[in-house]
Amino acid sequence: SELEEEVDRILTMLQVPSHFKGYNYLKDAILMTIKEPGLVNEMTKKLYPLIAEHHGIQIQRVERSMRFAIETAWNRGDVNILHELFGYCVDDRKGKPTNASFIAKISDKIRLEKKAKGRLTG
């Protein structure tokens, strides 16, 4: 779908390795939170369990794989692109964003763009 392509484009731009399991989990999480923004506030209670169930794995693996994918992207990514997308979330001393803020930032960005184009209602 168009949404999936947009999520892929952003994750690729951020240099999240697409062969990592975490890439797919992040993609699922972003797509879910675009449709249901409240999930960002319920990562451990709802979002991780939904993704774990979908992929037939343990909840802890979802969280760990996402973390590893984000860390890898952070270490190899273009700082300018990271700053452009994450702005205030990027603190060179604190390092990478949490899984929740990474997912929230991307899903918010896509949701706002779609709304601006009048293609997403709600």
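1. Start with α2 and helix α6 (residues 99-116): in this predicted model, they pack at an angle of about 50°, with their axes 9 Å apart. The axes here are lines fitted to C-alpha atoms, for helices over the stretch in contact, and angles run from 0 to 180 degrees between N-to-C directions. The two helices are therefore oblique to each other; angles under 35 degrees count as roughly parallel, over 145 as roughly antiparallel, 65 to 115 as roughly perpendicular and the rest as oblique. The crossing of α2 and α6 is right-handed, meaning that the near helix is turned clockwise from the far one by less than a right angle.

2. Who does the touching there? On the α2 side, Leu26, Ala29, Ile30, Thr33 and Ile34 make the contact, and on the α6 side Phe102, Ile103, Ile106, Ser107, Ile110 and Arg111. Contact means heavy atoms within 4.5 Å. By class, the α2 with α6 contact has 8 nonpolar, 2 polar and 1 charged residues. For those classes, Ala, Val, Leu, Ile, Met, Phe, Trp, Tyr, Cys and Pro count as nonpolar, Asp, Glu, Lys and Arg as charged, and the others, Gly among them, as polar.

3. Now the other partner of α2. The axes of helix α1 (residues 2-13) and helix α2 (residues 21-35) come within 10 Å and cross at roughly 130°, which makes α1 oblique to α2. α1 passes α2 in a right-handed crossing. From α1 the contact takes Leu3, Glu4, Val7, Asp8, Leu11 and Thr12, and from α2 it takes Tyr23, Lys27, Ile30, Leu31 and Ile34. The residues of this α1 with α2 contact divide into 7 nonpolar, 1 polar and 3 charged. Look at Ile30 and Ile34: they are listed for α2 in the contact with α1 and again in the contact with α6.

4. Next, the rings. A search of the whole structure finds 1 aromatic pair. Phe20 and Phe68 form it, stacked, at 5.2 Å centre to centre and 5° between the planes. Rings of Phe, Tyr and Trp (its six-membered ring) pair if their centres lie within 6.5 Å; planes under 30 degrees apart count as stacked, over 60 as edge-to-face and the rest as tilted. Phe20 lies in the loop between α1 and α2 and Phe68 in helix α4 (residues 59-76), so the pair ties together parts that are 48 residues apart in sequence.

5. The cut-offs: buried is under 20% relative accessible area, exposed over 50%, partly exposed in between (1.4 Å probe, protein chains only). Thr72, also in helix α4, is buried at 12%. Leaving out residues up to four places away in sequence, Thr72 touches Pro17 and Phe20.

6. One backbone point to check by eye: Gln15, in the loop between α1 and α2, has a phi near 65°, a positive value in a residue other than glycine. Most residues other than glycine have a negative phi. Gln15 counts as partly exposed, at 33% relative accessibility.

7. Buried residues make up 44% of the 122 residues. Among contacts between residues at least 6 apart in sequence, 62% join residues at least 24 apart.

8. Finally, the bookkeeping. Residues are numbered from 1 along each chain as its sequence is written, and side-chain values use heavy atoms, with hydrogens and water left out. Local features need pLDDT of at least 70 and side-chain atom pairs count only at pLDDT 80 or more, while totals for chains, interfaces and linings use all residues.

Technical notes:
Helices (H or I, at least four residues) and strands (E, at least two) are DSSP runs, numbered from the N terminus.
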